[in-house]
Amino acid sequence: MSAADPTIAPASAAANAPSGRHAFGRGLRPWLLLLPVLLFVIGLFVLPLLGILRLSVVGPNGLTLEAYADFFSDPFYLRVLGRTLITALIVTFFCLLLGYPIAYVAARYAGTLGTALLLIVTMSFWTSFLARTYAWMVILGSQGLVANVARVFGWEPPQMLFTGLAANIGMIHILLPFMVLSLFAVMQRIDPNLLRASTGLGATPFQTFRRVFLPLSVPGMINGCALVYIVCLGFYVTPELLGGPKDQMIARLIGSQIEQLLDWQEAATMAAVLLVVTLTIFAVYDYFFGLDRLWRS
Amino acid sequence: MTSRLQSSLIPKFLALSIGGFLLLPMLLVVVMSFGEGTSLRFPPRAFTIDSYIVYFTSAGWMVPTLNSFIIAGASAAITLLVTTPAAFAFALFDFPGKRLVRLLIMMPLMVPFIVMALAYFFFFGQLRLLNTMVGVVIAHACLAVPIVFLIQSANLKSFDWTLVRASQACGAGHFRTFRYICLPLLRPSFLVAGLFAFITSFDETVIALFISGRAASTLPRRMFESVRQESDPVVAVVSTLLFAVVAAVAIVIAWRREAGRSRSATRDLERE
Amino acid sequence: MTQAQPFLRLDAVSKRYGGRAELAVEGVSADIREGEFVSLLGPSGSGKTTTLMMIAGFELPSEGRIMLSGSDIVGIPAHRRNFGMVFQNYALFPHMTAFENVAYPLRLRKQPSSRIDEKVKRYLDMVGLARFASRRPAELSGGQQQRVALARALVFEPTVVLMDEPLGALDKNLREQMQIEIKELQKKLGITLIYVTHDQSEAMTMSDRIAVFNNGRIEQIAAPLEIYRRPETRFVGEFVGESNMIEGRVGDATERRVETEIGEIEYGPDSAFGAGMPVFAMIRPELITLAEKLPPRNGTQLTVTRTIHFGDRVSVEGTTVGGTMLRFRASGREAAVCATGRQVNVAWRSDDVHILARGQ
């Protein structure tokens, strides 16, 4: 059905057909096409998700918000939550700081340099982040690159691996391509004639950048930051492998709950909190900019 | 002139150093893969290809690799099959609740993986699908739904629907129009969407980590365990191989784009 | 053209798009003879393309019938109507060569391949593209692509050929050349052709008859010269060619005089209006000439407000004492007389004045 069906409609309905969409569109036909995906997503994604949310509010004596009360009254959990939010902020900030020059040069100077930079960024985007996490273990380990270089200069480095710093560096490295690609998508569309016009009106290169390019690239910055921040909030693998035991983020806490099967309700509550925080950011973004813009990058 | 040169020099230098920061760790892994002994020593004491031999001959690595291919292939096929009709529905029709349905389809992209790992751990535990390939395939197929949907929607948006009318005006009915016009023209983009779904699954670590178990262990899960528990140099081998595939594909694409540009340029000349 | 019975008939066809109050096409009726070249002319959004799409079968009329040789074809899907169609953006199949594009309708009709070969070659030759048979659309120029589209629409000898602004994307010189070629092909092959365009000169040069569309209705359907000389509505008069529309009321009907702000205007013998009716007196700018002296009727004095030079001629705008604006043509030699600010006398012949009804 799904294969042959769509062609029935384009005659009448195509998005770019001159006369617009057809009255058939209000019938059953779109829903027939949507049925598989709706069944699939609702049955195998939404349902499991609701299952875990339900778990967080059902106690031995029916519905209860006890788990949430526990969560928000326990300073340990609050510290973890706060650390998660702040860590994500730090990582996002550094991604923006490091990502902007790359995206800027790639967008402004097409040619060998721009192409090479883009190639590097796309390659790291697609390279397994486990591979990259592993690389940082090699660099920061006690027998690793940095330590051995330091020893050459007769300096014994402190422990770097399994610290919050290592986790942050790893996350920045892994999320940087997201940021660069978001920025680049927007910068690429900035009309170079605007910059020429600005120079023609007497602006110095820095003024042109500051007054024309930078404001026009703000949408890319917003997209990139939103993306990086959201991914970072729920990041599990890299902090788990690079980070130390003291500075856990909420995702690691959930992970260790699953591994040790300690308390379903507790784990579900933490998951619910993380979910709400994430969705709140999405909602804020949607309110100001519309979610569709985020997907485009 | 000099000031313009200088002003472009600073960002260029910055961008290059940051590019080095991105690239260096990946190159390091390549070196490590030929190293001998414990994996976390750099530079390695000696160079061998032992780790490559271990990777390609041990069941402990080959089985997860194979699992990953099977799971990624199956979940990509499912996602493509389930999601493509929906992309057509969005391209062709206006219907009530369109925004809501779209939000629903995009959901898997908005929920943190770790949350879904917990959710599937519980859900599949009840269905007795924990530690099975089926469970991982289902989970990965769900995750890829929004990605495939976005790609397919973009494809269909750029598809020239007047071709469908042109085909009908030539006398082709719905089936033959789909068979001779839509399918050949959309096939490459279907493949791209499928490839993205494949990679999404192949690369996914968090959910696979918790629900695949030993029986259906995927390659990322195996890598994760090996990084966390042992100092196993094979991880570097796998990382290098993955990196090599990505680099090869990226370079081929960049090269073909250049070639395509010059080819279309000569074509323009011929036309005149 | 041969005098045949109505071949394609639109019978009070209307189209309403879902959810919208106004009709996109409203009660369009027309008879099209076999072998006739009819243009649907109008501004964008006037319903001409929608009408064409209903004839093609891509849109369903909300009301009315479309009859082909006496039988209703509304229920027949587009691909069974055997109508050829040429689209504005050519709509060539990018994955097929020029040859394969033209062969496509024949292959769908399961014709033997030897015959397909022969016909495709003949039609590609006819549009002058025999050499380019193995090229893909992307390797052809816009004009060449449109010729392939033309061959593809004609090769299966369709009952009717429909064209939707086929030359809209071409530059001016190529467009004029293609106009001639299409017209000649149509005559040679005796094709019934319905041609949508917003370009009035294109419609004038190619058509046997023009249907002028406005706001979803046909305002007038007639031969090009008839449309030009005797428009039935103000819209037609102003859309097709330039015109001066002078408001007035019929004075003495037997003497055929209109009373206007610039005095009495005599009109030609072809119009019949009762005394006192509100009318426009329409005079084409090229039919107004400079005069030495102010004539007693059919003339006026103007203060020139603007002149636009076209090289071979000059378009002059001037206003009467009462403020009526008139536009007329002068030869290059007369241009000096018509400098801005000058007072000039103009005159016209009463036969060149056309009267049309003016709504209250």
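**Confidence and chain contacts in a predicted model**

Among the elements of chain B, helix α11 (residues 234-271) has the lowest mean pLDDT, at 77, while helix α3 (residues 59-92) has the highest, at 94. Here pLDDT is the predictor's confidence in each residue, on a scale from 0 to 100, and helices (H or I, at least four residues) and strands (E, at least two) are DSSP runs numbered from the N terminus. The model is a predicted one, so local features need pLDDT of at least 70 and side-chain atom pairs count only at pLDDT 80 or more, whereas totals for chains, interfaces and linings use all residues. Residues are numbered from 1 along each chain as its sequence is written, chains are lettered from A and ligands numbered from 1 in the order in which they are written, and side-chain values use heavy atoms, with hydrogens and water left out.

Chain B as a whole averages a pLDDT of 87, with 91% of its residues scoring at least 70. For chain A the mean is 85, and 90% of the residues reach 70 or more. One stretch of chain A needs some care: over residues 1-26 pLDDT stays under 50, and the model has 69 contacts (heavy atoms within 4.5 Å) beyond four places in sequence for it. Where pLDDT is low, the predicted coordinates should not be read in detail.

Next come chains A and B. Here 100 residues of chain A are in contact with 99 residues of chain B. The two chains bury about 9200 Å² between them, 81% of it on carbon and sulfur atoms; buried area is the accessible area (1.4 Å probe) that two parts lose on being put together, summed over both. On the chain A side, A:F45, A:Y134 and A:W295 lose the most area to chain B, yet together they make up 8% of what that side buries. Three salt bridges (a side-chain nitrogen of Lys or Arg within 4 Å of a carboxyl oxygen of Asp or Glu) are found across this interface. In one salt bridge, the side chains of B:R228 and A:E259 meet at 2.8 Å, N to O. Six residue pairs, both residues at pLDDT 80 or more, are in polar contact between chain A and chain B; such a contact is a pair of N or O atoms within 3.5 Å, where, within protein, one must be able to donate a hydrogen and the other to accept it, and residues adjacent in sequence count only if both atoms are side-chain atoms. Helix α2 (residues 29-57) of chain A brings the largest share of the side of chain A that touches chain B, 21 residues.

Chain C also meets chain B, through 27 residues of chain C in contact with 21 residues of chain B. The area buried between these two is about 2000 Å², and carbon and sulfur atoms give 62% of it. In chain C, C:F58, C:H79 and C:L108 lose the most area to chain B, together 28% of what that side buries. The count here is one salt bridge: B:R165 pairs with C:E59, their closest N and O atoms being 3.7 Å apart. β6 (83-86) and α2 (98-108) of chain C each supply at least two residues of the side that touches chain B, and α2(C) gives the most, with three.

Finally, the cysteines: a search of the whole structure finds zero disulfides (pairs of cysteine sulfur atoms within 2.5 Å) over all chains. For A:C225, the closest cysteine sulfur, in A:C95, is 8.6 Å away, which is too far for a bond.
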